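Load the model in a viewer and keep the selection panel at hand.

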Amino acid sequence: MVWGAFSLDHRTPLFHVQGNLTGLRYRDEILRPLAVPTLQQMGPQAVYQDDNARPHRARVVNDFLQQSGVNRIEWPACSPDLDPIENLRDELDRKVRSNHPLPGMSSTSTRCCGLSGRRFHRGSSPPWSTL
């Protein structure tokens with residue numbers, strides 16, 4: 001898994017999470033060195049948004065964020081539509097699918113998407129420059 005945070009004017013480095021992410025690891029490996037310093041750079045009006053994943057809602061994380069003075073959005077259960085990364089994933093998915101149709105798509109589907117005549121084979125490298 002990869003963790004990263006972004007706003008209109010700021011972003012953190014991407015962090016590769018190896019193994020299971022616990023609340024302690026989330027606090028020590030992500031929040032303390034990456035998220036909180038970025039939020040502090042953004043100023044007192046910054047608001048941190050994560051989701052309801054268990055490590056994000058662990059007591060040790062809640063206590064740390066509160067002690068650090070981090071303003072945090074409280075999430076309603078099952079609301080991925082509020083997560084900005086979901087919009088980014090959706091856009092990436094649409095671009096990949098439009099350039100690399102799934103096997104079994106009809107010729108009508110590929111013509112409608114402007115993909116007729118393109119062939120992709122399992123194991124071949126996708127032309128990333130076209131994304």
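Colour the protein chain by secondary structure and read along the sequence: the pattern is β-β-α-β-α-β-α-α. That gives four helices and four strands, where helices (H or I, at least four residues) and strands (E, at least two) are DSSP runs numbered from the N terminus. This is a predicted model, in which local features need pLDDT of at least 70 and side-chain atom pairs count only at pLDDT 80 or more, while totals for chains, interfaces and linings use all residues. Residues are numbered from 1 along each chain as its sequence is written, and side-chain values use heavy atoms, with hydrogens and water left out.

Now colour by accessibility. Of the 131 residues in the protein chain, 25% are buried (under 20% relative accessible area; exposed is over 50% and partly exposed is in between, with a 1.4 Å probe and protein chains only). For contacts (heavy atoms within 4.5 Å) with a separation of 6 or more, 45% are between residues 24 or more positions apart.

**Helix α1**

Select residues 23-42, which form helix α1. How far apart are the end C-alpha atoms of this helix of 20 residues? They are only 24 Å apart, short of the 28 Å that a straight helix would reach at 1.5 Å a residue; the expected span is 1.5 Å times one less than the number of residues. Centre on Leu-31 next: a kink of about 60° lies there, shortly before the proline Pro-33. The bend at a residue is the angle between axes fitted to the seven residues ending there and the seven starting there. Just after α1, Gly-43 takes a positive phi of about 105°.

Show the side chains of the buried residues of α1, among them Tyr-26, Ile-30, Leu-34 and Thr-38. An α-helix has 3.6 residues a turn, so residues three or four places apart point the same way. The buried residues of α1 pack against β1 (2-3), β2 (15-16), β3 (47-48) and α2 (59-67).

**The largest pocket**

On a 1 Å grid over the protein atoms alone, a pocket is an open set of points where a 1.4 Å probe fits, with protein on both sides within 12 Å along at least five of seven lines, and lining residues have an atom within 4 Å of a point. Of the 32 lining residues, select the closest to the centre: Trp-3, Gly-4, Ala-5, Gln-49 and Ile-85. Two or more residues come from each of β1, α1, β3 and α3 (84-99), and α1 gives the most, with five. The lining divides into 19 nonpolar, seven polar and six charged residues.

Trp-3 is found in strand β1. Is it buried or exposed? Trp-3 is buried, because its relative accessible area is 10%. Leaving aside neighbours within four places in sequence, its contacts include Thr-12, Phe-15, Tyr-26, Ile-30 and Leu-34.

Move to Thr-12, in the loop between β1 and β2. Thr-12 is buried at 7% relative accessible area. With the neighbours within four places left out, Thr-12 is in contact with Trp-3, Gly-4, Ala-5, Leu-34 and Thr-38.

Finish on Thr-38, back in helix α1. Thr-38 counts as buried at 13% relative accessibility, and touches His-10 and Thr-12 when residues up to four places away in sequence are not counted.

Note on methods: Nonpolar A, V, L, I, M, F, W, Y, C, P; charged D, E, K, R; others polar.
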